[in-house]
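The stops below proceed from the whole chain to single residues.

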Amino acid sequence: MDKWCGEIPLEVKFQNLFRHASIKNGSVEQHRTQEGNVMEWNFYLRRRNFRESEVNSINELKVLLAHTILDDEDDSWRWNGMSNRTFSVKSYYLDLHGKRRGDAQVPNFPYKIIWKVKLPLRIKFFMWYAVWERILTVDNLRNRGMIIQNRCVLCKASEESIIHLFFLCPFTSMLWMRLLHHRVEIMDAVMDKGNFRNIFINWPLLNSEGFKAITWKLLPYAVCWSVWVTRNKAIFQNKNASMEKVIC
Ligand SMILES: [Zn+2]
């Protein structure tokens, strides 16, 4: 997840692989094995049948790593925000906002996609918590120690997580497909982005042909907010989730 090989974190560069990684917070050391002079990388990917784009990414990653020279020293942190490697709050702030070197906004701090978008404030707050995966989905409640059965209230089949609730749930998938005019290739491109935050960061880059600019821009916010409201009404007011009500 840190930037150690190339100019951007591998998590960002290979988003389509990272979402299948079973060890997301592992160290470099954890991902390599050394037998004698032979060193091998193990990416610990849960998926076995890869799409062509994923196979290409695996090969690209292997090439990148093959050109990376590791030494025997322990991993250590280094602050690249200042030329003298000294950390300061000012340099951190400028770095987050991409102002230090005229860079684009740092991908992992997506304030523009929330706070610069014209949305009601309560939706902005909801989205801000969602991109940091802090909204109170059942899996997050369980992580906080709440003893509760994990069942998605919309499909009543799978466990509820952020990515399931807003993208993978059959109810939500059907909603997306209707709003995207059944253009499967857009949905595939969306799911290739891996996690909720990356989907929103990359949304403006997706093929929006056939949609008004403003419609396209606000579509994912509208979908996620509507799904969240529908989900809450189903849980707290016992109201059946209705696709027609969400769309109207
Ligand atoms: Zn579901």
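A residue is called buried if 20 or more other C-beta atoms lie within 10 Å of its own, exposed if 12 or fewer do, and partly exposed in between, with C-beta atoms placed from the backbone. By that criterion, buried residues make up 17% of the 248 residues in the protein chain. This is a predicted model, in which local features need pLDDT of at least 70 and side-chain atom pairs count only at pLDDT 80 or more, while totals for chains, interfaces and linings use all residues. Numbering starts from 1 along each chain as its sequence is written.

**The whole chain**

Display the C-alpha trace first. Its atoms fill a box of roughly 60 × 45 × 40 Å along the principal axes. Switch to a cartoon to see 13 helices and two strands; these elements are DSSP runs numbered from the N terminus, with helices (H or I) of at least four residues and strands (E) of at least two. Residues are in contact if their C-beta atoms, placed from the backbone, lie within 7 Å. Of the contacts with a separation of 6 or more, 46% join residues 24 or more positions apart.

Where they meet, five residues of domain 1 contact five residues of domain 2. Helix H2 (residues 15-18) supplies the largest share of the domain 1 side, namely three residues.

**The hairpin**

Select residues 32-35, strand E1, together with residues 38-41, strand E2: the two pair in the antiparallel sense over four bridges. Pairing requires at least two bridges found by DSSP between the strands. Thr-33 faces Glu-40 across the pair. E1 and E2 form a hairpin with two residues between them, and Gly-36 in the turn has a positive phi of about 60°.

Next, find Glu-60 in helix H3 (residues 52-66). Glu-60 is partly exposed, with 13 other C-beta atoms within 10 Å. Draw a C-alpha to C-alpha distance from Glu-60 to Met-39: these residues are 21 apart in sequence and 18 Å apart in space.

**A helix pair**

How far apart are the axes of helix H6 and helix H12? Select residues 121-131 for H6 and 213-236 for H12; the axes are 11 Å apart and the packing angle is about 90°. Axes here are lines fitted to C-alpha atoms over the stretch in contact, and angles run from 0 to 180 degrees between N-to-C directions. H6 and H12 are therefore roughly perpendicular, a term covering 65 to 115 degrees. Show side chains for Ile-123, Phe-126, Met-127 and Ala-130 in H6, which meet Tyr-221, Cys-224, Trp-225 and Trp-228 in H12. The residues of this contact comprise eight nonpolar, no polar and no charged; Ala, Val, Leu, Ile, Met, Phe, Trp, Tyr, Cys and Pro count as nonpolar, Asp, Glu, Lys and Arg as charged, and the others, Gly among them, as polar.

**Two loop residues**

Move to Lys-156, in the loop between helix H7 (138-143) and helix H8 (162-168). Its phi is near 55°, a positive value in a residue other than glycine. Is Lys-156 buried or exposed? Lys-156 is exposed, with 11 other C-beta atoms within 10 Å.

End at His-182, in the loop between helix H9 (170-179) and helix H10 (184-191). Phi of His-182 is near 60°, again a positive value in a residue other than glycine. His-182 is exposed, with 10 other C-beta atoms within 10 Å.

Terms used: Angles under 35 degrees count as roughly parallel, over 145 as roughly antiparallel, 65 to 115 as roughly perpendicular and the rest as oblique. Two residues are in contact if their C-beta atoms, placed from the backbone, lie within 7 Å.
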